[in-house]
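Let's take a walk through this model together.

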Amino acid sequence: MTVSYGVEKCPKQFDEYRCTLSEEYLQMAKEQLREDDTLREQALEAMRTWIAKHPYIRRCRTDSLFLLRFLRQRKFSIPLACETLERYLAMRQTFPHWFQNLNPEQEDMRDLAADGVFQALGFDDKGRIVILIKSRNFNVEKYTLLHLIRYLHMYMEILSCDERIQVAGIVLIVDCFETTMMHFTLFNLSDMKNMMPYINHLLPVRCKEIHVLRLPKMSVTLVDILFTFVSAKIKHRFFFHKTLIDAKKHLDKSLLPSDLNGTNDSMELSMNFHKLVRDSEDELAVLDQMEIDVTKYSALWNQNHPAAGGCGKESEIESGMVGSFRKLNID
């Protein structure tokens, strides 16, 4: 995929937004996100001004499609969109082993794709893309949590470039059938604590629902522990289904594959997305060129700090997003 943008924070000229949304999605964006031509133009200009004057951001993409994923994720609240972008940049650099040097041509990434861990099923009647994650297809004897995080984040980065997905979001189905305790012990508490800002606030797409199917009884206690790190907002988007009969009451049968008692065995959409990811090597590489002074954001991963959901005192964050945005006098 040819990349037509860079990471200069003050380019001589910004790209012109070219809408790829159908009338249905445009109406959805207006009703759910308050988006229209005027608000979109004003919001993009405000974010670009904020990035240009930000004291810690050194390099960042400023193209419309990239910035709109944060604006749409935050329903065009400009301060919240800027905050999310700022934390996204900081987390990419704080945990480069998770988020950088993502290459779909690496052997482990190719193997995970071939194993069918991640499958795009289609778009539901609300315009959301439905993604199936088959836990049993993840080889725990060969791969670790690091591989899983890198693989899923790589796909989320590319999904977030689709305007339909930016507007309507995604529905995740996690099928736990035939998973073992080894799958669940991948998730150690230290990594989960560090991942919480990402899961709770920084996912590059709007995750509308998460359906967990056939969770083994042996894993319930562990899941309860992991859930203590999840925000209340995200918790309300989880739905647990003991049986496929129960799951089908909440999911579109026409999108489910036959092994989930559905009628959709087409792999066309999923194969198209896999190809899209394989063709996005250059785009993923450009993300690694973005840079922020990460030393100012250590508080984000201090669990007692308000930025991470704790109750400590604010410090670096005030001089970051909030401070610089107030200086611009933007509402």
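Helices α7 and α14 are roughly perpendicular to each other. The model is a predicted one, and in it α7 covers residues 145–159 while α14 covers residues 268–278. Two packed helices are described by the angle between their axes and the distance between the axes. Here the angle is about 95° and the axes are 10 Å apart. Since angles from 65 to 115 degrees count as roughly perpendicular, the label for α7 and α14 therefore follows from the angle of about 95°.

Which residues make the contact between α7 and α14? On the α7 side you will find Y151, M154, Y155, I158 and L159. On the α14 side, look for F273, H274, L276 and V277. Sorted by class, this contact has eight nonpolar residues and one polar residue, with no charged residues.

While you are at α7, look for R150, which is placed in that helix. Is R150 buried or exposed? Its relative accessible area is 10%, and R150 is therefore buried. Setting aside neighbours within four places in sequence, R150 is in contact with P96, H97, W98, F99, Q100, N101, L102, Q106 and M109. Several of these residues are worth a visit, so let's follow them.

Begin with N101, which lies 49 residues from R150 in sequence, with a C-alpha to C-alpha distance of 9.3 Å. N101 is found in the loop between α5 (96–99) and α6 (107–114). The backbone deserves a look here: N101 is not a glycine, although its phi is positive, at about 55°. With a relative accessible area of 54%, N101 is exposed, whereas R150, its contact partner, is buried.

W98 and F99 are also among the contacts of R150. Both of them lead us to the aromatic residues. A pair of aromatic rings is described by the distance of the centres and the angle of the planes. The structure holds 13 aromatic pairs. One of them is formed by Y56 and Y297, an edge-to-face pair with 6.2 Å from centre to centre and 85° between the planes. Where in the chain do Y56 and Y297 lie? Y56 is in the loop between α2 (37–53) and β1 (57–59), and Y297 is in the loop between β7 (291–292) and α16 (316–327). The pair thus links distant parts of the chain, 241 residues apart. Both Y56 and Y297 are buried.

W98 and F99 form an edge-to-face pair too, with 5.8 Å centre to centre and 85° between the planes. W98 is buried, with a relative accessible area of 2%. F99 also counts as buried, at 2% relative accessibility. Elsewhere, ring pairs link F66, F70 and Y88 into a cluster. Another ring, that of Y5, has the charged end of R61 sitting over it, 3.9 Å from the ring centre.

Now move on to C176, in the loop between β4 (170–175) and α9 (181–184). C176 is buried, with a relative accessible area of 4%. Which residues does C176 touch, not counting those up to four places away in sequence? They are S135, V212, L213, R214, L215 and P216. The C-alpha atoms of C176 and I133 are 8.7 Å apart in space, and the two residues are 43 apart in sequence.

R214 has a positive phi of about 55°, although it is not a glycine. R214 is buried, with a relative accessible area of 18%.

Continue to F229, in the loop between α11 and α12 (232–235). F229 counts as buried, at 18% relative accessibility. Its C-alpha atom is separated by 6.7 Å from that of K193, which is 36 residues away along the chain.

Finally, step back to the whole chain. It has 16 helices and seven strands. Of its 331 residues, 53% count as buried. Among contacts between residues at least 6 apart in sequence, 77% join residues at least 24 apart.

Definitions and conventions:
Residues numbered from 1 in each chain as written. Predicted model: local features only at pLDDT ≥ 70, side-chain atom pairs only at ≥ 80, totals over all residues. Heavy atoms only, no water. Axes fitted to C-alpha atoms, helices over the stretch in contact; angles between N-to-C directions. Helix = DSSP H or I, 4+ residues; strand = E, 2+ residues; numbered from the N terminus. Parallel < 35°, antiparallel > 145°, perpendicular 65-115°, else oblique. Contact = heavy atoms within 4.5 Å. Nonpolar A, V, L, I, M, F, W, Y, C, P; charged D, E, K, R; others polar. Phe/Tyr/Trp six-rings, centres within 6.5 Å; stacked < 30°, edge-to-face > 60°. Buried < 20%, exposed > 50% of the residue type's maximum accessible area, 1.4 Å probe, protein only. Lys NZ or Arg CZ within 6 Å of the ring centre and 35° of its normal.
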